[in-house]
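Please keep the sequence and the structure in view while reading.

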Amino acid sequence: TRVIGQTEFYGRPFKVTPDVLDPRPESEGIVDLVLAFVGATPRGQPWRICDVGTGSGCLAVTLLAELPNATAVAIDISASALEVAQENARAIGVAGRLNVKCADLRDGLGGPFDILVSNPPYIRSGDIDGLETSVRNHDPHLALDGGGDGLTFYRALSGQLSDVVPDGFAVFEVGHDQAAAVVDMVNDGLTGCAQRDVRSEPDLSGIARYVAVRTRYGRAPKKELEPAVDPTIM
């Protein structure tokens, strides 16, 4: 993949560079879970999607391609990664429905959105040196390092769900032994939610690879911010 600068994700070609994580087949399960939610929740207005830590844009771009009645904001701390995401959006024909935002998720995500997806960094800092060479030497450490326990970014995401997705659906990819901890974090962050359904979901190998969250607050979100587009990376 790195040699040719391209990989396939959900049946579509995606450009990859040293600035982005090489999309993994396991991440396609996030798309499957979102499409199942959308299929069971018909609506007239466009779906509003937020992709946190978008990297190559594989999640946001794929969802836009699968859902013509959707718009998305792709967020990443790396401006170089967002350039790759925009290139992929243009190549697949969905750039007109994608905004990008260069930001640290801990500074706030805005919203509200109907759908939040994220494959954040979740490798424990101390485990990175032991990863396979193909990962350790080629994937950007910024997209791998999830802090001492690998859960830093889930803490930040969980604390914002009530405002970012007040009535909708969120899916996170997690490490092979992290699902239970992330489920607990999300439940703690949704205190006061009128109805919620937080569960782990398996990948094709039977590993608890995703945490899926359905929120129904039954109230307006605390704030409403327009998606931001960083002009420096357009």
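Contact means heavy atoms within 4.5 Å. Helices (H or I, at least four residues) and strands (E, at least two) are DSSP runs, numbered from the N terminus. The model is predicted: local features need pLDDT of at least 70, side-chain atom pairs count only at pLDDT 80 or more, and totals for chains, interfaces and linings use all residues. Residues are numbered from 1 along each chain as its sequence is written, and side-chain values use heavy atoms, with hydrogens and water left out.

**Helix H7**

Helix H7 spans residues 179–189, and its Ala-179, Val-182, Val-183, Met-185 and Val-186 are buried (under 20% relative accessible area; exposed is over 50% and partly exposed lies in between, with a 1.4 Å probe and protein chains only). Seen down the axis of H7, these buried residues fall within an arc of 160 degrees, so they line one face of the helix; the arc is that of the directions from the helix axis to the C-beta atoms. Ala-180 and Asp-188, on the other side of H7, are exposed. The cover over the buried residues of H7 includes helices H5 and H6 and strands E7, E8 and E9.

**Strand E3**

Five of the six residues of strand E3 (47–52) are buried. Two strands pair if DSSP finds at least two bridges between them.

| Partner of E3 | Sense | Bridges |
|---|---|---|
| E4 (residues 70–76) | parallel | six bridges |
| E6 (residues 115–118) | parallel | four bridges |

Arg-48 stands opposite Thr-71 in E4, while Val-52 has Ser-118 in E6 as its bridge partner.
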